[in-house]
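Please look over the sequence and the structure below. The paragraphs after them go through a few places one by one.

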Amino acid sequence: MSLHDRLLQQAKEAGIDDDDEVKKFLRIIDNCPNDKIKRQFAKKLRAKIRRHRSHPFDRSHRTSIGRLSINVGRGWKGGLVDLPVEDLTKHVLAVGQSGSGKTTLFYNLMSELDDQEIPFWAFDLKQDYRHLVKSDQIEDVLVLPIEKFRFNPLRPPPGVKQGDWLSTFMEVFCDSQELLGGSDRFLDKHLHQFHGQTSNPTLLDLKNYIENQSVPPQRKSFQYRIQGSIGRLIRDAPHTFNVERGYKLEELLERNVVFEFEGLKTWTKNFLMEILIAWIYEYRKAQNHRGSGVRHVTFLDEAKTIMSVYKEQQAASGLPEIDRMVAELREFQESLVAADQEAKKLTDSIKANTYTKILLATGDAKEFKSIAESLKMDGLQKRWARQLAVGQAVIQRGEHDPVPVRLPDFDLEKDVTDDDLVSRLSDEWRSLSFQPLDASTSEDVEVAEESELESGSGSEASEEPELEVSERAERLLRDIVENPFNSVTERYEKFSSRYQGDKAKKELLEKELVEEASAKLKQGRVKLFELTDTGKEFAEDLGIEIERIGRGGVVHRYWQHKISDRLEEEDLNPVIEKSHADVYVNYDGDGIAIEVAMGRNEREIEHISDRLEQGFDRVVTLCRNEYVKEFIEQKREKIDVSEEQVDILLLREFLESDSLFHE
């Protein structure tokens, strides 16, 4: 290979073979008869390639020219790197490991917005942003610990009809509480009946209404789930929800507000964040706040809590409701700045639909790959970005080239205590108007709240003493959450002896943290464990993240995953819980819904009709045993569906078959 060809190959590998100067050097090396001159230009070209390999970004790149912008740091040559303010409504996503500088990035962005007189809200899950009350770089920060926040989620935003808002509430409530299948339809039906019974409905009113309904036995489980989910929200944040009218959020949209949700259960945090974003969306839409520019920015750390890829995979009709609202917020001069340390757990929608992406130091290779692909970096740039240090980032806007940035520090000591908040903000808290459920008790409630905040006890002061379990029981509980479909034998292998594993299991059963179930196999049974509601709360308290993919009880979900695994063996791409189908797969152009029938139940027949009405080409119902199969075959004859579109098989027949689908 000639000198010219070798250098051309190196330039291509570095991604600079289209550079005008590189082309010039290559022409001289190829055509010049003087070997000395060739070597000189070869040396220059090698140096240029080395420089690009060590910093494979365009050094002359400018991020904004002559437009209103906010500064995010300094670039390669020390120049300022700005983001145009108008781009913020297309949303921002920052990803980096813990300690990489996400919080400092947020501090600086908040300060820049404050300079532009653009107010922000921050959803704070770790008490990171309360310290801004003492910063001289941001004015008028109102911190609302959960004990001080007053909000009636059933009261519509100004300009929004009550019925329309209740429909939005239903979507958000079921989504945040992981209520699938018939629960959402049950709530939708009873919300419409509930609508109009009182002029100022509250969560407590709704809970009592649902609880007092007389429903058929087959609908009782939906009733219990709905009233139980509402009840746990009220128990977790009683001061927040037990009001007829909460704070005027339209006024708070004009201020810098930090909502502190630390200490709440996951379901309450998720509900509050989703319903507040929904409130902003519906309010802006009702007020027709369209136009250019940015009215308001919402900061969301740990974005996967409400924008989880698992939720996206289970969504009944494509995008989860929260993703849809975020995508449409941009029309109404609203911006979302989201951050997380686990990019692979974020919805594809939030990664695809954020115009500006910021990559910080990311230790895990899978996490890096998940976000780096969204930044449109070439191979050299990705290798360079893998070495980012704390306070360094790569930023990309839309189709613009990625830009490396050194993020500025933010001088702020994180030492604001609950007592400091009471001292600084108690007068402001008292000035916020709201209507309690019973005006005669409002003063007593205020006194109790202030005492709680000063003592640091929060809304959990009245809870029962926490459960305690042994180290081995906790280890087994974690394994049940992380590997829900493992057999008992596989679980006990992680203990020093089967005796120790059995002791751990008995402890979890005795303390009612788990329940046993079993799935019948061709030979024998596999014993499975399901967390009880108490077990779920206990796991949350331990910081164990519960990711539930699938519907129904653990046995039903076990078969969903077995079916999915079998389809993946055939190089198909199954999706669990797509459009309510237990498992969805596209086979030779046909959209096939696979349903797991565990018992002789009329709803299994309804599933066949529903899936075909939804537009699936075929439905395959897999039955637990011959007894169930016979029942469904008899019932199918009574519904108006084409036999060519429906297969009724035994589960074991399908899982063991060499040909999964008949032609």
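Lys-520, Lys-522, Arg-525, Arg-624 and Arg-652 together form a positive surface patch. The model is a predicted one. Arg-525 counts as exposed because its relative accessible area is 55%, and exposed means over 50%.

Asp-136, Asp-409, Asp-411 and Glu-413 make up a negative surface patch. Among them, Asp-409 sits in the loop that runs between strand S12 (403-406) and helix H17 (418-431). With a relative accessibility of 74%, Asp-409 is classed as exposed.

Which residues of H7 are buried? They are Leu-203, Leu-206, Tyr-209 and Ile-210. Viewed down the axis of H7, these buried residues fall within an arc of 125 degrees, and therefore they line one face of the helix.

Is Arg-219 buried, partly exposed or exposed? Its relative accessibility is 30%, so Arg-219 counts as partly exposed; that class lies between the limits of 20% for buried and 50% for exposed. Arg-219 can also be placed relative to Ser-183: the two are 36 residues apart in sequence, while their C-alpha atoms are 9.0 Å apart in space.

As background, most residues other than glycine have a negative phi. Glu-117 is not a glycine, yet its phi is positive, at about 60 degrees. Glu-117 is located in the loop between helix H4 (102-115) and strand S4 (120-124). Because its relative accessibility is 72%, Glu-117 counts as exposed.

Gln-333 also has a positive phi of about 60 degrees without being a glycine. The loop that holds Gln-333 lies between helix H13 (321-329) and strand S9 (334-340). Is Gln-333 buried or exposed? Gln-333 has a relative accessible area of 8% and is therefore buried, since the cut-off for that class is under 20%.

Terms used: Residues are numbered from 1 along each chain as its sequence is written. This is a predicted model: local features need pLDDT of at least 70, side-chain atom pairs count only at pLDDT 80 or more; totals for chains, interfaces and linings use all residues. Side-chain values use heavy atoms; hydrogens and water are left out. Patches are made of residues with over 30% relative accessible area and no salt bridge: like charges are joined within 9 Å, nonpolar side chains (Val, Leu, Ile, Met, Phe, Trp, Tyr) within 5 Å. Accessible areas come from the Shrake-Rupley method with a 1.4 Å probe; for residues, only the protein chains shown count as cover. A salt bridge is a side-chain nitrogen of Lys or Arg within 4 Å of a carboxyl oxygen of Asp or Glu. Lys and Arg count as positive and Asp and Glu as negative; His and the chain ends are not counted. The place of a charge is taken as NZ of Lys, CZ of Arg, CG of Asp or CD of Glu. Helices (H or I, at least four residues) and strands (E, at least two) are DSSP runs, numbered from the N terminus. Buried means under 20% relative accessible area, exposed over 50%, partly exposed in between (1.4 Å probe, protein chains only). The arc is that of the directions from the helix axis to the C-beta atoms.
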